[in-house]
Amino acid sequence: MDVRSLLIIAVGAIFINNFVLMRFLGICPYIGVSKSLDSAVGMGSAVIFVMTLASVVTFLVEKYILLPDASVFRLIFAGHQAPDLRFLRTIAYILTIASLVQFVEMVIQKSSPALYKSLGIYLPLITTNCAVLGVALLNQVEHFDFIQSAVNGFSAGVGFTLALVLMSSIREKLELADVPEALRGVPIAFIMAGLMSIAFLGFSGLTLK
């Protein structure tokens with residue numbers, strides 16, 4: 001296993017190609033759940049879990065169901081070519097992510113009702129979080145293997161959480177600041193998101209070998 005390549009994938013997913021601040025995916029929960037630090041940490045933990053599991057499970061779905069070479073359908077179509085089901089990739093991935101989110105939602109509801117209440121509608125909306133689907137599709141585009149997909153999924157979740165925690169910390173400070181009435185709430189949040197995106201643009205100058 002090449003540890004250096006895994007480190008490059010991790011640093012790239014967290015800083016250089018941050019899914020929120022550089023790829024502009026997952027903006028809805030980024031703005032909606034960043035009002036308090038506790039909610040941001042809870043949502044970030046859930047997204048890390050879902051992104052990591054989604055990367056692993058979708059890799060297995062791609063290899064053993066969608067691709068004809070190692071498909072389980074070869075057992076059914078013994079002696080014949082198994083069907084190429086890659087045109088169903090997006091649907092299969094969304095179903096996988098929806099199942100994982102449902103599982104996470106049940107666990108949080110049982111283990112931490114307060115956190116479940118604070119996350120509100122944004123927890124089931126992880127299903128439609130394009131950042132989760134994006135990391136699963138990106139793993140296939142980059143031709144990552146099983147370990148690389150898991151590392152990329154986990155790192156992308158860490159990058160999402162980092163952006164969420166930074167934004168929630170800033171917004172908690174802004175609640176005490178003398179912000180003009182017209183900019184209070186979402187408008188100042190979008191301005192700060194733009195400034196954070198510009199700041200993260202500085203990581204694009206990193207050269208990883």
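This is a predicted model: local features need pLDDT of at least 70, side-chain atom pairs count only at pLDDT 80 or more; totals for chains, interfaces and linings use all residues.
**Notebook: surface, fold and pocket**

Residues are numbered from 1 along each chain as its sequence is written, and side-chain values use heavy atoms, leaving out hydrogens and water.

Next I looked up burial. Of the 209 residues, 42% count as buried (under 20% relative accessible area, 1.4 Å probe, protein chains only).

Then the fold: I found nine helices and zero strands (helices are DSSP runs of H or I with at least four residues, strands are E runs with at least two). The C-alpha trace spans about 75 × 45 × 30 Å along its principal axes.

I checked contacts too (heavy atoms within 4.5 Å). Among those with a separation of 6 or more, 73% join residues 24 or more positions apart.

Last, the largest pocket, with about 160 Å³ of space. A pocket here is an open set of points on a 1 Å grid where a 1.4 Å probe fits, with protein on both sides within 12 Å along at least five of seven lines; lining residues have an atom within 4 Å of a point. The volume is the space filled by probe spheres set on the points. I noted Phe59, Arg86 and His143 among the lining residues. Helix α3 gives the most, with three residues.

Key. Buried means under 20% relative accessible area, exposed over 50%, partly exposed in between (1.4 Å probe, protein chains only).
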